Amino acid sequence: MKITLAHGSGGKITHELIKDVFFRHLGNDILKKAEDSGVADARPGKMAVTTDSFVVKPVFFPGGDIGKLAVCGTVNDLAVTGASPKYITAGFIIEEGFSLEDLEKIVRSMAEWALKAGVEVIAGDTKVVEKGEADGIFINTSGVGFFEGASELSAGNIRPGDKVIITGTMGDHGIAVLSRRKGLDFQSDIKSDCAPLAGMLADVTAAGGVKFMRDPTRGGLATTLNEITRGTELGIVIEEEKAPVSGPVRSACELLGLDPLYVANEGKAVIVAGKGSAENIIAVLRRHEYGKDASVIGEVTREAGGRVCLRTRYGTARIIDMMASEQLPRIC
Ligand code: MG
């Protein structure tokens, strides 16, 4: 079965799609009321809100799919601010002719990962556009999280001497997606690292000493570190040999002429923490499935103000700039 314009018309066929696919997999008491807005319980204090659109190509890739990515991406953006993700919304823009079976697979995957991440989908929307007016399926997800006693993290807390930690290997997501790109597909066992990090990062913040966190998605680790130092007096120096990159990702990057430090991740976090807390944070991370390869990769300095400097394994140093332009379009 294929998606037709009638599925997005708002009429009878739309209602059948909502009941048979969306409610069937994502349904909960709030969503199933089918009101114009999902109404849910709030918490006292501050909340975090985020939104992101997902256009990854292809929609199924090793280690994930656009639905898993949409849930994890939004959950992780909330979690890195120190919030506990609670609710998400999902808006689907589907091209006429897209497979109904694939849509159901994607929605089922969203349900599976929303459950694992501890979030509920409380509002949604579906639009269908004519063939050629979109490419398969695009998903927008917004999310809300609450701080529940935890404090909000901010780059303003970072000081010279703080340690820079990453929670695992770099570049897996970008390379996994590229490995299935038409015209580029190459043999590899590389899987996307796409994963919900909220549980692990809550344990990390509870351990104490965390100043700032961010998920190094588009533009990779190099771009994220530059976002931290840009416009400040602070520099970051990282050691090349401490930044974990798996053997297969390293080989694929050499083949494709890419630097793994600029390749997207979808299940990793960069954590800046006080010097005295770094060791304990690494221990907490390594107890988690998604933090087994965590390591301290460098530190915040007064030198190299505003810039990120990489000390290579040969003892030389080079400036790592922000990515100039999108080297890998539609990776998320
Ligand atoms: Mg982010």
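How many bridges join strand 7 to strand 10, and in which sense do the two run? In this predicted model, local features need pLDDT of at least 70 and side-chain atom pairs count only at pLDDT 80 or more, while totals for chains, interfaces and linings use all residues. Residues are numbered from 1 along each chain as its sequence is written, and side-chain values use heavy atoms, with hydrogens and water left out.

Strand 7 (residues 163-166) and strand 10 (residues 270-273) run antiparallel and are joined by four bridges; strands are DSSP runs of E with at least two residues, helices are runs of H or I with at least four, and both are numbered from the N terminus. Two strands count as paired if DSSP finds at least two bridges between them. Within this pair, K163 stands opposite A273 in strand 10. Helix 7 packs on the sheet to which these strands belong, touching strands 7, 8, 9, 10, 11 and 12, where contact means heavy atoms within 4.5 Å. The direction of helix 7 makes about 150° with that of strand 9 (235-239); axes are lines fitted to C-alpha atoms, for helices over the stretch in contact, and angles run from 0 to 180 degrees between N-to-C directions.

The sheet itself is open and has seven strands in the order 8-10-7-11-9-12-13, with mixed pairing. Strand 8 and strand 13 (317-319) form its edges, each pairing on one side only.

Another set of strands involves strand 4 (residues 84-95), which pairs with strand 6 (residues 137-146) in the antiparallel sense over ten bridges. Here I93 stands opposite F138 in strand 6. Strand 4 also runs parallel to strand 5 (residues 120-129), with nine bridges joining them, and E95 has V129 as its bridge partner in strand 5.

A magnesium ion comes next. D77 (OD) and D215 (OD) coordinate the ion at 2.1 to 2.2 Å; donors are N, O and S atoms within 2.8 Å of the metal (3.2 Å for Na, K and Ca), and sites may look incomplete because water is not among the atoms. D77 lies in helix 3 (residues 66-79) and D215 in the loop between strand 8 (210-214) and helix 7 (220-229), so the pair ties together parts that are 138 residues apart in sequence. D77 is partly exposed at 22% relative accessibility, whereas D215 is buried at 8% (buried is under 20% relative accessible area, exposed over 50% and partly exposed in between, with a 1.4 Å probe and protein chains only).
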